[in-house]
Amino acid sequence: MTLSPPPNPQAPGAEPAAASPDPAQAPNAPGAGAHAFSAAEREAVYRAIHERRDMRHFAGGRVDDATLQRLLTAAHHAPSVGFMQPWRFIRVRSRERRAAIHALVEQERVLTARALGEREDDFMRLKVEGVLECAELLIVVLPPGREAHVFGRRTLPEMDLASAACAIQNLWLAARAEGLGMGWVSLFDPQALSELLGLPPGSRPIGVLCLGPVPAFYAQPMLAEVGWAQRQPLAALCFDEGWPQPPDPCSQSMATGDVANRDAPATGAAPASGCAPGAEPAPVSAPGRTPAAAPACAPKADAAGTGDRHLRASGTSPTPTPEAMPARPAPTSPTPRPVAAAASGPTPSPDGSPA
Ligand SMILES: Cc1cc2nc3c(=O)[nH]c(=O)nc-3n(C[C@H](O)[C@H](O)[C@H](O)COP(=O)(O)O)c2cc1C
């Protein structure tokens, strides 16, 4: 199966590596039968997904009320944990309030730059919001009283945020289909924004959405265009059966080769993952792994990348360096194997990072 992005007539030079076949050519998924959309409809869905961009450059103008209503209705039809619908949208129209929100974002932009250390200057050169230029400004807020919703949140209370993010994504995709751009800005102090908007205790603002006509859609994520970060190959993010285990340099069995399959070659054949067969070419280009620097016999960082990898990687190397593909669990094991404790290192935590 060849994996190439759908036809992208409006975005010459768009990202080359979108791992999706042309939906117009693709046969229906087995079992989809009469439930599948038509080829043209599927193509439209995938096109919206691939051509949606986080926009920070706007062309002024306006969003008419009927369109705004359609977009908010799309947002409101998102999935939500226990059907709690934890999204509230505040439309900000006054210039003064917009300016005040912009000032909050600017404050946080400077603080974020400082927190980035050596990438401070690079970050300050980025455009990270279009608060003053966009046609519409929407603030998305998690409402108070969310603790009453336990279904699906008893152990994962953050599923309210996940649900609201689904609503924002719906809005984002619908906006793209309408020819409008949207940018999600999260650079603000939530407490200060809550005070500015008079939010009730227990609520939480999670996004400043800039919406409206744009001069053009970026062909790829703006952060990729400027070299801040690159999309990781899908195959590096998909695993079979369980989390890949870090190779143990001290393991005798490793030395004798009986777990040779746990690591794909560093030159990069993609792991034979059931979730993305032959999905994308290796080597993984995400920067930041430095296997050679790992102390002997200490477990390495998780193969798929830890939360801080982006910043570490971005901060140290503008040019992606090749890295090994993730290790795989033993092919015959139906359940994830426990991570082997290294002879002299700490036991990795379940997320693969050193405890
Ligand atoms: C939760 C969330 C918060 C974000 N916050 C910001 C932000 O404050 N400023 C910004 O410029 N981009 C922000 N973005 C946009 C990301 O930078 C963008 O999605 C990413 O670079 C990929 O680009 P794409 O959305 O065009 O595919 C945010 C995205 C998400 C999902």
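V128 counts as buried because 21 C-beta neighbours lie inside 10 Å. Buried means 20 or more other C-beta atoms within 10 Å of a residue's own, exposed means 12 or fewer, and partly exposed is in between; C-beta atoms are placed from the backbone. This is a predicted model: local features need pLDDT of at least 70, side-chain atom pairs count only at pLDDT 80 or more, and totals for chains, interfaces and linings use all residues. Residues are numbered from 1 along each chain as its sequence is written.

**Around V128**
- V128 sits in the loop between α4 (120–125) and β2 (136–142). Helices (H or I, at least four residues) and strands (E, at least two) are DSSP runs, numbered from the N terminus.
- Beyond its neighbours within four places in sequence, V128 is in contact with R56, R109 and L187. Contact means C-beta atoms, placed from the backbone, within 7 Å.
- H57 is 71 residues from V128 in sequence, yet their C-alpha atoms are 9.3 Å apart.

**The largest nonpolar core**
- This core has 37 residues; V140, L171, M182, V208, C210 and L211 touch the most other members. A nonpolar core is a set of buried Ala, Val, Leu, Ile, Met, Phe, Trp, Tyr and Cys residues joined through C-beta atoms within 7 Å.
- The largest share, seven residues, comes from α5.
- Setting aside neighbours within four places in sequence, L171 is in contact with L71, A74, A75 and M182.

**Confidence**
- Mean pLDDT for the chain is 75, and 63% of residues reach 70 or more. pLDDT is the predictor's confidence in each residue, from 0 to 100.
- Residues 254–303 have pLDDT below 50.
- Where pLDDT is low, predicted coordinates should not be read in detail.

How values were computed:
Contact = placed C-beta atoms within 7 Å.
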